[in-house]
Amino acid sequence: MGFFDSEIVQQEAMQLFQDYQSLVQLGSGYGKFDREGKKMYIAQMEAMMERYHIFMKRFELSEDFQAQMTVEQLKTQLGQFGMTPDMMFQQMHQTLERMKAEIGT
């Protein structure tokens with residue numbers, strides 16, 4: 001069975017995408033959030049990034065051809081911006097740390 005044939009992988013990918021989309025929509029009003037709302041939003045984004053990072057590591061560790069092609073496609077796309085997947089995650093983490101600093105957590 002291929003990596004993407006797994007019902008668990010498919011469900012997790014769909015849930016991750018839906019959760020991310022919901023957070024992005026919610027984040028459009030971030031500037032209007034009170035301090036506690038901002039803290040909650042940042043915590044949810046941190047959890048999302050951790051889930052995404054773990055999901056990507058599963059791709060990297062898989063020996064499945066499609067999973068490896070997905071990793072290579074991501075590397076190629078990020079490479080066009082002079083980034084690697086690790087750099088992308090570091091940048092996301094730094095952004096969240098700046099957001100925390102701005103609200104004094």
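Predicted model: local features only at pLDDT ≥ 70, side-chain atom pairs only at ≥ 80, totals over all residues.
Me: Which helix supplies the largest share of the lining of the second largest pocket?
Reply: The residues lining this pocket include Glu46, Met49, Glu50 and His53, and also Asp86, Phe89, Gln90, Met92, His93 and Leu96. Two helices, helix 2 and helix 4 (85–103), each supply at least two residues of that lining. The largest share is 6 residues, and the element that supplies it is helix 4.

Me: How many charged residues are in the lining of the second largest pocket?
Reply: The names in the lining include Glu46, Glu50 and Asp86, and Asp and Glu are among the residue types that count as charged. Sorted by class, this lining has 4 nonpolar residues and 3 polar ones, and the number of charged residues is 3.

Me: What is the volume of the largest pocket, and which residues lie nearest its centre?
Reply: The largest pocket has a volume of about 380 Å³. Its lining is made up of 16 residues, and those that lie nearest the centre are Leu16, Phe17, Tyr20, Tyr52 and Met56.

Me: Which helix gives the largest share of the lining of the largest pocket?
Reply: Three helices each supply at least two residues of this lining, namely helix 1 (7–27), helix 2 (35–61) and helix 3 (65–79). By class, the lining has 12 nonpolar and 4 polar residues, with no charged residues. The largest share amounts to 6 residues and comes from helix 2.

Me: What pattern does the protein chain follow when read along the sequence?
Reply: The protein chain has 4 helices and 0 strands, and its C-alpha trace spans about 45 × 30 × 20 Å along the principal axes. Among contacts between residues at least 6 apart in sequence, 63% join residues that are at least 24 apart. Read along the sequence, the pattern of the chain is α-α-α-α.

Me: How many residues apart in sequence are the parts that the pair of Tyr30 and Tyr41 ties together?
Reply: The rings of Tyr30 and Tyr41 form a tilted aromatic pair, at 5.6 Å centre to centre and with 55 degrees between the planes. Ring pairs also link Tyr30, Phe33 and Tyr41 into a cluster. Because Tyr30 lies in the loop between helix 1 and helix 2 while Tyr41 lies in helix 2, the pair ties together parts whose separation in sequence is 11 residues.

Me: Is Tyr41 buried or exposed?
Reply: A residue counts as buried when its relative accessible area is under 20%. The relative accessibility of Tyr41 is 9%, which means that Tyr41 counts as buried.

Me: Why do the rings of Tyr52 and Phe89 count as a tilted pair, and which helices does the pair tie together?
Reply: The two ring centres lie 5.4 Å apart and the planes meet at 50 degrees, so the pair is tilted. Phe89 counts as buried at 11% relative accessibility, whereas Tyr52 is partly exposed at 24%. The pair ties together parts that are 37 residues apart in sequence, because its two residues lie in helix 2 and helix 4.

Me: What distance separates the C-alpha atoms of Ala13 and Tyr52?
Reply: Ala13 lies in helix 1 and counts as partly exposed at 29% relative accessibility, while Tyr52 lies in helix 2. Along the chain Ala13 and Tyr52 are 39 residues apart, and the distance between their C-alpha atoms is 9.1 Å.

Technical notes:
Residues numbered from 1 in each chain as written. Heavy atoms only, no water. 1 Å grid on protein atoms, 1.4 Å probe; cavity = no way out; pocket = protein on both sides within 12 Å on 5 of 7 lines; lining within 4 Å. Points joined across faces, edges and corners; volume = space filled by probe spheres on them. Phe/Tyr/Trp six-rings, centres within 6.5 Å; stacked < 30°, edge-to-face > 60°. Buried < 20%, exposed > 50% of the residue type's maximum accessible area, 1.4 Å probe, protein only. Contact = heavy atoms within 4.5 Å.
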